[in-house]
Amino acid sequence: KTKVSKVTSDGSDDRTQIAWLSNRFVFSDDRFGDVAHQLERKYNVHFKFQDSTLQNEKINGVLEHENLIQSLRLLKRIVAFDFEQKRDTIIIHNSKN
């Protein structure tokens, strides 16, 4: 099951904690750089941003049961970026479109 959706926040971290325990990532106005850091830990990869402004893009959504590439493709629906994988490094750069 693949799902990307808006997440509303009531100001508490309860959803995030519950999501983490159930192997889900819930992003509520999180910086792309912070999301990438979480993905680094989960998938044992390193993210390199070619354009530092992309790190500050805000992300709202839910990821669950996706592998790394599926997760990145879903995130591309929210933030305009392209990526390439070189071994254990994910290079993030501005979308060509």
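Predicted model: local features only at pLDDT ≥ 70, side-chain atom pairs only at ≥ 80, totals over all residues.
Another pair brings together Phe-32 and Phe-49; here the planes stand at 90° and the ring centres are 5.2 Å apart, so the arrangement is edge-to-face. Because Phe-32 belongs to helix α2 and Phe-49 to strand β2, this pair ties together parts that are 17 residues apart in sequence. Phe-32 counts as buried because its relative accessibility is 0%. Phe-49 is also buried, at a relative accessible area of 16%, which falls under the 20% limit for that class. Phe-32 and Phe-49 share one aromatic cluster with Phe-81 and Phe-83.

Most residues other than glycine have a negative phi. Asn-44, although not a glycine, has a positive phi of about 55°. This asparagine, Asn-44, sits in the loop that runs between α2 (32–43) and β2 (46–49). With a relative accessibility of 65%, Asn-44 counts as exposed.

Arg-87 likewise has a positive phi of about 55° without being a glycine. Its place is the loop between β4 (81–86) and β5 (89–94). Arg-87 has a relative accessibility of 78% and therefore counts as exposed, since the class begins over 50%.

Definitions and conventions:
Residues numbered from 1 in each chain as written. Heavy atoms only, no water. Helix = DSSP H or I, 4+ residues; strand = E, 2+ residues; numbered from the N terminus. Buried < 20%, exposed > 50% of the residue type's maximum accessible area, 1.4 Å probe, protein only. Phe/Tyr/Trp six-rings, centres within 6.5 Å; stacked < 30°, edge-to-face > 60°.
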